[in-house]
Amino acid sequence: MRILALCVLLLSCVRTQKISSVQECNERIRWKFEDYTKKPLFASQIFTKGYGIHIVYDSKTELPQIVRDSMSFILLNGFRAALTTWGVSLIANKSTLSKDIVGYLDAYNFKTGNNYTYNAPQVFSVDCIENANFVIRVYTQSGKKFRYSREILAKAQIQGRTIIINMQNHQMIYDQKLFQIKSGLFFNIVPILAHELGHCFGLSHQNDGKSIMASSSKSISNFPLMKDGQNFALILGKQIKGGAPGYFNPTERVGLRAGL
Ligand SMILES: [Zn+2]
């Protein structure tokens, strides 16, 4: 009942918004990324072409460089590790995949006999939102009050390219060895980003049994499981229609709750 009330509240109070960079942007290099909304995911080579991420810090005051750097480290490494977990989930499911997707894996991963070595894409930050194919918005402790809920860890649009991370109410770390979502007081950004990336690729919540797409951190798996990989493989062959980086359609936005 409480969750339903929250959803109704969310839908009634948020508007479609454009998240834009505050700073004027003079980045010299213009990156050209493959737009995976124009082709099926696997044809867009999402695991090999690289990701340019524009990070927006929601803060009332200018954050010290060291704080920005450490958040950026957590987010970029977490993003790459999260992509890796999805890539590995495909390899683990290889026997159930279509010929097209197996061909994709064969072409873009190192293969010796039946053994694959997964080669994760580059993930780097870009100054200008126009140069990004992904936007991460961070709600920081000094920012305006996180308007959704203290319980929410992160949000993403289904078939979108924007993720909101709630670092205002939750402390997050990057730990690729420790895939479990909670370590003491800290949340591990890797499964959180893997979950949100799942939404961005087009996956919805799965609340029957363990899954990376469970809606609460209490029941979420640490990385994509067999059935997550199978669901992912199903959408890899489909063309998706996501918004431009920085755009949200609130009716298609979903949150990962902290099951405290
Ligand atoms: Zn979710």
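## Overview

The structure is a predicted model. Its chain contains 5 helices and 13 strands. Of the 260 residues in the chain, 38% are buried. Among contacts with a separation of 6 or more, 74% are between residues 24 or more positions apart.

Strand β2 covers residues 51-58 and is mostly covered, with 6 of its 8 residues buried. This strand is joined to β5 (residues 123-125) by 3 bridges, and the two run parallel. Within that pairing, Ile-53 stands opposite Ser-125 of β5.

Strand β2 is also joined to β6, here by 6 bridges and again in a parallel arrangement. Val-56 has Arg-137 as its bridge partner in β6.

Strand β8 (residues 162-166) is mostly covered, since 5 of its 5 residues are buried. The cover extends to both faces of β8.

Two strands are described here as partners of β8. Strand β6 (residues 134-139) pairs with β8 in the parallel sense over 5 bridges, and Ile-136 stands opposite Ile-163 of β8. Strand β7 (residues 152-157) pairs with β8 in the antiparallel sense over 3 bridges. In this second pairing, Lys-155 has Ile-164 as its bridge partner in β8.

## The loop between β7 and β8

Strands β7 and β8 form a hairpin with 4 residues between the strands. Gln-159 lies in this loop, and its phi is near 60°, a positive value in a residue other than glycine. Most residues other than glycine have a negative phi. Gln-159 has 19 other C-beta atoms within 10 Å, so it is partly exposed; a residue counts as buried if 20 or more such atoms lie within that distance.

## The open sheet of β9, β10 and β11

A sheet of 3 strands has the order β9-β11-β10; it is open, and its pairing is mixed. Strands β9 (172-173) and β10 (182-183) stand at the edges with a single partner strand each, so one side of each has no neighbour in the sheet.

Strand β11 (residues 186-188) runs parallel to β9, to which it is joined by 2 bridges. In this pairing, Ile-173 stands opposite Asn-188 of β11.

## Helix α4

Helix α4 (residues 189-201) lies across β9 and β11, and it runs at about 50° to β11. The helix has 13 residues and reaches 18 Å from its first C-alpha to its last, close to the 18 Å expected at 1.5 Å a residue.

Because 13 of its 13 residues are buried, α4 is largely enclosed by the rest of the structure. Just after this helix, Gly-202 takes a positive phi of about 120°.

## The nonpolar core

The largest nonpolar core has 60 residues, of which Ala-82 and Ile-136 touch the most other members. Helix α2 (residues 65-92) gives the most to this core, contributing 9 residues. In soluble globular proteins, nonpolar side chains tend to be buried together.

Which residues does Ala-82 touch, not counting those up to four places away in sequence? They are Val-190, Leu-193, Ala-194 and Leu-197.

## Packing of α2 and α5

Helices α2 and α5 pack at an angle of about 90°, and their axes are 8 Å apart. The angle makes α2 roughly perpendicular to α5. On the α2 side, the contact is made by Trp-86, Ser-89, Leu-90 and Ala-92. On the α5 side, it is made by Met-226, Asp-228, Gly-229, Phe-232 and Ala-233.

## The loop between α5 and β12

Ala-244 is placed in the loop between α5 (226-236) and β12 (247-248). It counts as partly exposed because it has 16 C-beta neighbours inside 10 Å.

How many residues separate Ala-244 from Arg-161 in sequence, and what is their C-alpha to C-alpha distance? The two are 83 residues apart in sequence and 6.6 Å apart in space.

Technical notes: Residues are numbered from 1 along each chain as its sequence is written. This is a predicted model: local features need pLDDT of at least 70, side-chain atom pairs count only at pLDDT 80 or more; totals for chains, interfaces and linings use all residues. Two strands pair if DSSP finds at least two bridges between them. Two residues are in contact if their C-beta atoms, placed from the backbone, lie within 7 Å. Axes are lines fitted to C-alpha atoms, for helices over the stretch in contact, and angles run from 0 to 180 degrees between N-to-C directions. A residue is buried if 20 or more other C-beta atoms lie within 10 Å of its own, exposed if 12 or fewer, and partly exposed in between; C-beta atoms are placed from the backbone. A nonpolar core is a set of buried Ala, Val, Leu, Ile, Met, Phe, Trp, Tyr and Cys residues joined through C-beta atoms within 7 Å. The expected span of a helix is 1.5 Å times one less than its number of residues. Angles under 35 degrees count as roughly parallel, over 145 as roughly antiparallel, 65 to 115 as roughly perpendicular and the rest as oblique.
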